[in-house]
Amino acid sequence: MKYFFVLSLLTILFISCVGPEEPLDGLYKNSPVVVNTNESFTFSLRGENYSTEENYTLTFSTDNAIELTTVLVVTDFAGRSGDTSYFDIYNNNDSLLANYELVSNINVAPSDVVPTNAIPNKIFFKADNFTGVVQLVLAIGD
């Protein structure tokens with residue numbers, strides 16, 4: 001009888017255990033998700049007082065002018081005016097093509113035809129106590 005009671009209690013405890021809640025957007029805090037292919041680059045982050053400096057080398061494969069779409073979305077921004085979080089986008093010659101400061105909720109989505117000397121090759125991301133959700137997508141089209 002004692003064995004049955006202990007076994008029943010352990011079974012109930014085992015069944016009632018649950019794992020951590022899955023985030024609704026698929027992002028865990030302070031853990032960036034980066035996808036880098038020949039046709040697109042995607043960076044997604046849910047930050048909470050997140051600080052880092054990262055370089056990403058893009059793998060776009062093209063020898064001709066391309067149509068480049070850049071999407072930058074920042075939501076749930078909760079930073080301070082002194083925070084210095086930004087993306088710098090460079091070409092093959094390490095010339096700065098674009099700088100996006102993360103200072104508020106923003107939504108940027110330009111699409112341009114760019115010559116071969118303006119095709120992005122590297123992205124530098126600096127976060128200084130960044131709090132919010134940021135998604136950066138660069139995609140080339142035909």
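**Salt bridges and strands**

Analyst: The structure holds two salt bridges, a salt bridge being a side-chain nitrogen of Lys or Arg within 4 Å of a carboxyl oxygen of Asp or Glu. This is a predicted model, in which local features need pLDDT of at least 70 and side-chain atom pairs count only at pLDDT 80 or more, while totals for chains, interfaces and linings use all residues. Residues are numbered from 1 along each chain as its sequence is written, and side-chain values use heavy atoms, with hydrogens and water left out.

User: What is the pLDDT average of the protein?

Analyst: The protein averages a pLDDT of 83, and 79% of the residues score at least 70; pLDDT is the predictor's confidence in each residue, from 0 to 100. Among the elements, helix α1 (residues 2-16) has the lowest mean pLDDT, 56, whereas strand β4 (residues 86-90) has the highest, 95. Helices (H or I, at least four residues) and strands (E, at least two) are DSSP runs, numbered from the N terminus.

User: Back to the salt bridges: which residue does K29 pair with?

Analyst: K29 forms a salt bridge with E48, and their closest N and O atoms are 3.3 Å apart. The pair links distant parts of the chain, since K29 is in the loop between α1 and β1 (33-36) and E48 is in strand β2, 19 residues apart. K29 counts as exposed at 52% relative accessibility, while E48, at 39%, counts as partly exposed; buried means under 20% relative accessible area, exposed over 50%, and partly exposed in between (1.4 Å probe, protein chains only).

User: And which residue meets K122 in a salt bridge?

Analyst: The side chain of K122 meets that of D94, at 3.3 Å from N to O.

User: How many bridges join β3 to β8?

Analyst: Nine bridges join β3 to strand β8 (residues 122-141), and the two run antiparallel; two strands pair if DSSP finds at least two bridges between them. T70 has L138 as its bridge partner in β8. Strand β3 is also joined to β7 (residues 111-114) by four bridges, again antiparallel, and there I66 stands opposite V114.

User: Which residues touch the most other members of the largest nonpolar core?

Analyst: That core has 28 residues, and F43, F87, I123, F125, V134 and L138 touch the most other members. A nonpolar core is a set of buried Ala, Val, Leu, Ile, Met, Phe, Trp, Tyr and Cys residues joined through side-chain atoms within 4.5 Å. The largest share of this core, eight residues, comes from β8.

User: What is I123 in contact with?

Analyst: Leaving aside its neighbours within four places in sequence, I123 is in contact with several residues, including F41, Y56, F87 and L138, where contact means heavy atoms within 4.5 Å.
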